[in-house]
Amino acid sequence: MKQTVSFDVQGRQVTLETGRLAKQAHGSVLVTTGDNAVLVTVVSDKSASDKDFFPLTVEYVERFYATGRIPGGYFKREGRPTNDAILNCRLIDRPLRPSFAEGYNHETQVVATVMSYDGQYPINNLASIGASAAFHISDIPFNGPTVSLTVGRVKGKLIANPTRAELLESDLEITVAGTKNGILMVEGEAKFVSEADVLQALKFAHEAFQPIIKAQEELRQKAGNVKKREFVPAVIDAKFKSAAEDVLAPLVKAALAQRQKQTRYDMLDQALLTATEKLIPAQPAELQSKRSKEITKIFEDQKYQLARSMILVDGVRIDGRNVTTVRPISTEVGLLPRAHGSGLFTRGETQVLGAITLGTGDDEQKIDAIEGLTIKRFLLHYNFPPFCVGETGRVGAQSRREIGHGNLAERALKMVLPDYDKFPYVIRVVSEVLESNGSSSMGTVCSGTMAMLDAGVPIKGNVAGIAMGLITDGAKYAVLTDILGDEDHLGDMDFKVAGTREGITALQMDIKIDSLTFEQMEKALAQAKDGRNHILNEMEKTIKAPRGQISEYAPRIETIQIKPEKVREVIGAGGKVIKGIIEATGVKINIEDDGKVHIAAIDPAATRKAIQMIKDICAEAEVGKTYKGKVVKIADFGAFVEIMPNLSGLLHISEIAHERIRNVTDVLKEGDDVDVKVLEVDRSGRIKLSRKALLAANANA
């Protein structure tokens, strides 16, 4: 039976509905507001899998009928997910994961299908709320509900779930997810906003969560308050656990004392192997397979407890640092001769190479999305090959993780890009992660900044990024600056913050505990600012300002302005004129509707030639000026004389000579060169010429 509840977000009513659509799913909720509708279904297998992690998958399905459009391309149907769809999957996934009990390993899937979209409302937040509501009303053991919404700020006023139009005026765009008790996830960008303002936005979001949480609770009651499936985590035999801990504890502790990552990992692998070889053969044959899995779990628990204890009790981290120290940094630029700019950033055992290519309008990325065609002039592509962590693996298309990390770095850097009018290049940053041990995405921000400076891109400020961690036992906590990969894995938070000295440009946070207090968040933001400024100081020892010129291998782009009504003449019928200019000069030309013409070439002479050809096409006759023209057509009443390329005027028979002539051909014929003076240009652009006026002038002279 259909059940609905409604709640208000910033004056817009949102409705959650269940019981009408997709009733065979374990949970199904239709979320609507205005012309927006997204159906979210959840299913979780009732039998446990053999995986040692939570196998949750999220699919965000964009249907073009949602906006009344037919997809582009040959097949005219939806294909692989867009990058935005993949990023939305991650936004839905991240607050859901910590809301399931540890050890729950049942295959679980969320499918969010966008069915109607006005192109303005942040429908990904509706999908995230729908996923939480679907889990909450189902029998799946979900410890929710959770909420996701976006916070913007227009003219100093915070707005929940701003429209795309409102975001154009906003200096803040942060997606925040959490529970009744606190924040679980943060993802967003800002225009040099202070830490205090970010914290205020997060508090605003948490207050806005409350009516949405209440609505989900109400929907669960209306849907019958379905009893949750019983889930009891597997319990390890106490005697075996104690024996394993006795063997593992000293070995793991000795391994964690190693400062070098690979040495530490080798010793940890050996610790597990030693414990396995010592304990498993003594177990009954029928229990050996089970005990092997259990000893792996005990081993992971030992790493978790001992590493955290080192920090909370001794104040010492795995690599020997205190909680606020940034690892040693080294930087280089200009490594790649043919790339238009390059920067190498090494922080501890994380190393990222950034490479810049400057392109023309032909290199713009056109994306066929459900809201319409969008164009990107700044691209950041992040590559994380398996060798960067000493492993083998697949090399090829980007994973969802790579797309997510690249998007975060792109958001951080795009805020400092020069205005396109002043620097009309398409900019591509490629991040090659060469080593990774903690926050390669923030290393990408740093290497990308240095590479753009090396390429001569006049950015508005230098950007650095840093990852913060958290260790807490409930009673006390420690915020960690510049976390290692192990501290990300074993800790309670991964909080990445990027920005300039003036303020934050991008941030992302995920936590593994129930929620984060605002006190902890404030401390993390303050430490991040100190760490960010330290990294900027180190980067600026190598390069501080953009180089005065771009690479000799980059195209030189000259921009000229023509009248918008002349654009059609420069392009020509079927592009004939502009193609002719390109073929004659070898340049690339990009013309905008407002009359801006960007001419790109490596050879300056080719650029100058193309500019002159365009100016000739767009040139207009000046009254009183003399031109050397060519007769292109003879008529009974006069001759048509081309005074500039594609620009002709009428030389009337009465203006050819002082004496009266009977036939134009008595004086002129097609192909003749003739000096003429412009007498008049009428409102329609028709040009009246005179040869007689020049003859008179010559006679008087």
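Analyst: A cavity is a set of points on a 1 Å grid over the protein atoms alone where a 1.4 Å probe fits but cannot get out. Points are joined across faces, edges and corners, and a volume is the space filled by probe spheres set on the points. Here the largest cavity has a volume of about 60 Å³, and the structure holds four cavities of 30 Å³ or more. This is a predicted model, where local features need pLDDT of at least 70 and side-chain atom pairs pLDDT 80 or more, while totals for chains, interfaces and linings use all residues. Residues are numbered from 1 along each chain as its sequence is written, and side-chain values use heavy atoms, without hydrogens and water.

User: Which residues line the largest cavity?

Analyst: Lining residues have an atom within 4 Å of a point. The lining consists of T360, G361, D362, Y420, P424, I557, K588, I589, N590, H598 and A600. Strands are DSSP runs of E with at least two residues, and helices are runs of H or I with at least four, both numbered from the N terminus. β23 (588-591) and β24 (596-601) are the elements that give two or more residues, with the largest share, three residues, coming from β23.

User: How do I read a pair of packed helices?

Analyst: Two packed helices are described by the angle between their axes and the distance between the axes. Axes are lines fitted to C-alpha atoms over the stretch in contact, with angles from 0 to 180 degrees between N-to-C directions. The axes of α2 (residues 123-137) and α4 (residues 195-222) come within 9 Å and cross at roughly 35°. The crossing is right-handed, meaning that the near helix is turned clockwise from the far one by less than a right angle.

User: Which residues of α2 and α4 meet?

Analyst: Contact means heavy atoms within 4.5 Å. I129, S132, A133, H136 and I137 in α2 meet I212, Q216, E217, L219 and R220 in α4.

Terms used
On a 1 Å grid over the protein atoms alone, a cavity is a set of points where a 1.4 Å probe fits but cannot get out, and a pocket is an open set with protein on both sides within 12 Å along at least five of seven lines; lining residues have an atom within 4 Å of a point.
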